[in-house]
Structure formats: structure tokens, C-alpha cells
Amino acid sequence: MAVDDTGRLVEVGPADDLADSGRELVSAGGTAIAVFHHEGEFRAVDNRCPHMGFPLSEGSVEDGLLTCHWHHARFELACGDTFDPWADDVPTYPVERREGMVYVDPNPPRERPPAKRWADRLETGLEENLRLVIAKSSIGLLDAGVDYRDPMATTLRFGTRYREPGWSSGLTILGCLGNVMGDLTLEDRKRALYTGARHVASDCAGEAPNFDQPALRTTETGFDRLKTWFRDCIEVRDRDGAERCLRTAVAAGYGTDRLAELVVAAATDHPYLSTGHVLDFANKAFESIERVGDEHAADALASLVPPLATADRSDERSAWRRPVDLVALLEDVYGGDVGATDGLDELVAAGEGEVWEPTAEFRETLLGEDPDAIVDALAGAVRGGASSTALADAVVDAATKRVAQFGTANEFSDWNTVHHTFTYANAVRGFAGRTDAIETYRGVFDAAINVYLDRFLNTPPAPIPELGENDTGRDPEAVLSDLEETFDREGEVNEAGRLVCEFEDCGGDPADLRRSLGGALLRKDAGFHTIQNVEAAFATAGRADGDRERVPLVATARYMAAHFPTRREAEQTFTIASRLNRGESIHDG
């Protein structure tokens, strides 16, 4: 590689020769640069097409445009800007002509620092639903040292602004993956950011943008009245009125506990809205706000109004009415109707000063076949001093076992039946941790009833090995390797659960197990429910110990194995983006 006397410029060759050939390829510090002579000017660009890395030196130049022959992406030759946003812009390099020779500067100062450039590109990727651009931006931002919360906030803001139907699976996936970032390697954090952002972009593609309803201009409305108005608006499916009430509560400066009370009250006025998705969406909205900052609260919470106002109500479903009127059982406890709380208030008052811990008998009752006994046990626990948090933990454990012991003879779609109860119970637990609102108890009762409804899906129950039962003495890393291989074969559901137990029995670190499961999740084309399931399992395991820590990881490993293998299209895009960002040559030339 010849350089000029400053050591800064790389020699391309005689100007006359380049003018005759029209193009030359030069290597500078491992970077291949294509130099063109066109319309009397010398231009230089990175030889790798930013779309898929095809050598641009094999492209065509006409009317100031460089066209890549691989996918026909077009670039303005002077500045590198693309006419085709899915391709991304190609870097250009300054060219100098001295004494009949042409030189190129392979390391010019860039106008924008990498963090700014990739932040702008992420915005473009979200706006135009460009997977490769989103992948390159996610990788570039974290490589530039940007905290993942910043692009997560950008994506959250985009998802709430450009989807008129409100919060949905994309933003939930973003929130789920934000929650598991601490369990992942740096490389998998890039995959997680990419996965969340691409799902949000896909959700928003083709949707109308959202136009806000403003907060009420008064500052004199008390919280209780706002809460009543909000619940009344949701009850009659009045989206505009509900949004104004909610934004008013945010503008009034009410804290997370009061805002959570507002939302959980409306979300539990009817049981198990939209198979649990609505409360799970709401929980993820609060978790996302807690992660990226309160300044996003108004828009994020307002985006919950459409799914709240349009939700399916389980008290209108036959499964909750026949052969046993489960709604009537709940109404007796709540105090008259499914949206009441007077009865719960009395139970809480009776338990004031009492200390409650779940017994083995209580846990067995939750997994039993008698709904009257389940409701009585829950009511007795509240009367005995059970907090909504402690009671929610017990119901989460029961819902976790339904997934862990799911019988594979059932229909495949029924995996999601037990899954929805599991994520709903976790959402209830999330709300119990941020507000002491009496309505949270309704979520606990609703979740427990759904655990009861799922009982046949554990017939017969898949066994969960006891602690120490699979202590084979093997190296835990070898066990992890076997576990990851199960996800590449169909029908390995029970083996995946057994390997989780073997890993822990052989002394494996649960953090390594979570890191492995998270990595496997992100390398597949995991669907919405699988991502939800893994995040909920990690959260449940993080609050538990001993056997109660093992069961959620067994549950999610079995769920993952049931839903894998996949085609890995998203991973292919991520791999291409990684190689392009590293400057690797993907195609010869």
C-alpha cells in the first residue's frame, strides 16, 4: 500500500490510467475502497455495499448514480446517500489529485460521531420498517458505548406515537427484552435491542399515527374522581374520555403507585381481559417507564387505553359461567358484582396486623379441582393477613407449575392457554409490587381461577425431577451444550426440562443457565409468546429460591423446546449486519 509523504493518503494510481479504466480497487488498512472516474471527477466509496456487502466495484455508474448489481440499490456517487433506504448509505472518502497521481484518504474525519449517526439510522429503520438498518443501528449504538436504555426509549416513543390502536405485542417484546438485558452477554444485548426494535417497527408499519387527547386543563380534580371517571370511560369503551383522565393524572404529578392504581382498577373491573394480554401490556408499560424514565409516562400509559377499551371480557365467556358460575364465586367475595371491592376491603381490614405464609396445603388447593375451595382459601388468606404481593407470589407459583407440567398429549395451541395464565399472574405480581390498591387482589383471584381452568392441561402432569435426582456428575457446560442442542430438534420438550434440572444438580450457576436460555431465544425466530414466557420465567426465578427457582426455568425450557426449531431469518440479518459493521468482506471481490 503506497502512501504519500504525509502518511495520510493512500495512492490509487496515475490519473490517466484511472480515467481510462473508469474504476480501481485499493486496500487501505483492511478496508477495500472503490475509486471511480465519472463525469471528469474522481470519487471513492467503501467497496462493500451497505446492504449485503456485495463489491460496488462491480456495479454500474451512470448519471451520477452508482448501482449495486446484487439488489439494485442506488447511491449518489459524490456523497454516498442511497435512493433506496433499505440499503443504507455507503461511506465515501476524499480523493486528491497531485502531479498526475490520484490519492484517497481512508480515515477522514466524520461529520457525525458514531452514536449520533446510528441513532439517526435507528429512527429511519423504525420509520420505514427496515430490518437490516435496525440491526446495524442496534449493533452500532452499543458498540459506540451507548446505554441500551437510550435506543429503547427511542423505540418506545416511536411505538406509542405511530400506532393508533395502542400498545401491542411489539412494545411488550421491547419491555420483556429490556428486563432480561442483565442476564445476557454484550452480543446478545445487541440481538435483544434489535429484536425489540424490529417488532415495534413491524407493529407500526402501515398503521395510522396516534393523535393525543390532551390532559384536562384543570388541576383541581382529585385522584378518586379521576379514577372513577377513568373506570367509567373504560366500562363504556370511551377511549377519548379515558385518555384525557389518564393524561390528567400524569400531568397532576401522581406517582407510580397512584397511576398503577388507576390502571389496575380498570384492568380488573372485568376478569382476565383478552386472555390476560391487557394486564400484561400494562405491566410492561410500567416496567418500560421505570427503565427509561418518567418523561415517557404520559404517552406510554395513554397507549394502554385502546386495548383496555376494546378488550374481551371473560365474565362474558361461557367457560367462566358454565358448568360452574365462577364469576358468581368471585362476586360473593368482591362484594356484590365483579367490579366491586367492598368485600375485599372487609377481608383486608380483618387481617390487619396478622402474619400470613402460604402452607403446602394452600399451594395444593390452588392446583386443585374445587373452585369453591380455591376461592375460600384465597379469601381466608386475605383475612389471615396475606398481602397482595405474597398472595400473588403463591398464584404465580401455581401458574408456573401448569407450564412446567404441561402434558404434551394436549393440542399444541394449549401451550398458550397455560402460558397466558402464567404471564397474567406475573403481571398481577408486578402491580402488587408497585401499588397497594385493593383492586390488585381481584387480579390475584382472577389468576387463580384461570389456574383452575387450566387443570386438565396437566393431565397427566409431566414430572418435575426432585432436587438432586439428576446429579450425573457431568460438567455443567456440557449439560448446557446439550440443552442448546435440544432446541435444534423437534420433540425434545421433556428432555429440555430434565437437562435444566441436571445442570443445577451438577452445580451449574443459574446465571449461566439464564444467559444460555436468553442467547438461544435470541438466535431463533422466537415469537411473541416465547419471548414473554422466557422473561416471565426469569422474573419468577429471580424472586424465588431452591425448588421454586428451578420450576420456572424448567417451565420455560420446555416451552422453548416446544416452539423450536425455527428458520432463524432474523439471526441471518443480524449476522450480516454484524459483519458489515465490523468491515468484513461478505462476498468475494
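Predicted model: local features only at pLDDT ≥ 70, side-chain atom pairs only at ≥ 80, totals over all residues.
Two strands pair if DSSP finds at least two bridges between them.

## The whole protein

The protein contains 25 helices and ten strands. Its C-alpha trace spans about 95 × 70 × 40 Å along the principal axes. There are 589 residues, and buried ones make up 57% of them.

## A sheet of four strands

Four strands form an open sheet, in the order E2-E3-E4-E8. The pairing is antiparallel. Strand E2 (23–28) and strand E8 (92–93) are the edge strands, and each pairs on one side only.

Strands of a sheet pair through backbone hydrogen bonds, either parallel or antiparallel. Here, strand E3 (residues 31–38) and strand E4 (residues 41–46) are joined by six bridges in the antiparallel sense. Valine 35 has alanine 44 in E4 as its bridge partner. Histidine 38 has glutamate 41 in E4 as its bridge partner.

E3 and E4 form a hairpin with two residues between the strands. In this hairpin, glutamate 39 takes a positive phi near 50°.

E4 also pairs with E8, again in the antiparallel sense, over two bridges. There, valine 45 stands opposite threonine 92 in E8.

## A sheet of three strands

A second open sheet has three strands in the order E5-E6-E7, with antiparallel pairing. Its edge strands are strand E5 (60–62) and strand E7 (74–76), each pairing on one side only. Neighbouring strands of this sheet are turned by 25° against each other on average, direction ignored.

E5 pairs with strand E6 (residues 65–67) over three bridges, in the antiparallel sense. In E6, threonine 67 is the bridge partner of serine 60.

Helix H8 covers residues 239–251. How far apart are its end C-alpha atoms? They are 18 Å apart. The expected span is 1.5 Å times one less than the number of residues.

Aspartate 238 caps the N-terminal end of H8. One of its side-chain oxygens lies 3.4 Å from the backbone nitrogen of aspartate 240. Just after H8, glycine 253 takes a positive phi of about 85°.

Which residues of H8 are buried? They are Gly241, Ala242, Glu243, Cys245, Leu246, Arg247, Thr248, Ala249 and Val250. The cover over them includes helix H7 (223–235), H9, helix H11 (297–302) and helix H12 (305–309).

## Four buried residues

A residue counts as buried under 20% relative accessible area. The residues below meet that cut-off.

| Residue | Relative accessible area |
|---|---|
| Threonine 268 | 1% |
| Cysteine 245 | 5% |
| Cysteine 204 | 7% |
| Lysine 227 | 10% |

Start with threonine 268. It sits in the loop between helix H9 (256–267) and helix H10 (277–292). Its side chain makes a polar contact of 2.9 Å with the side chain of arginine 442. What else does threonine 268 contact, leaving aside its neighbours within four places in sequence? Besides Arg442, the list holds Val338, Tyr424, Glu439, Gly443 and Asp446.

Lysine 227 lies in helix H7. It counts as buried because its relative accessible area is 10%. Not counting residues up to four places away in sequence, lysine 227 touches Glu261, Leu262, Ala265 and Glu439.

## The cysteines

How many disulfides does the model have? The count comes to zero. A disulfide needs a pair of cysteine sulfur atoms within 2.5 Å. For cysteine 204, the nearest cysteine sulfur is that of cysteine 176, 16 Å away. For cysteine 245, the nearest is that of cysteine 233, 4.7 Å away. Cysteine 204 is in no disulfide, and cysteine 245 is in none either. Both are buried, cysteine 204 at 7% and cysteine 245 at 5%.

Technical notes:
Residues numbered from 1 in each chain as written. Heavy atoms only, no water. Buried < 20%, exposed > 50% of the residue type's maximum accessible area, 1.4 Å probe, protein only. Polar contact = N/O pair within 3.5 Å; in protein donor to acceptor, adjacent residues only side chain to side chain. Contact = heavy atoms within 4.5 Å. Axes fitted to C-alpha atoms, helices over the stretch in contact; angles between N-to-C directions.
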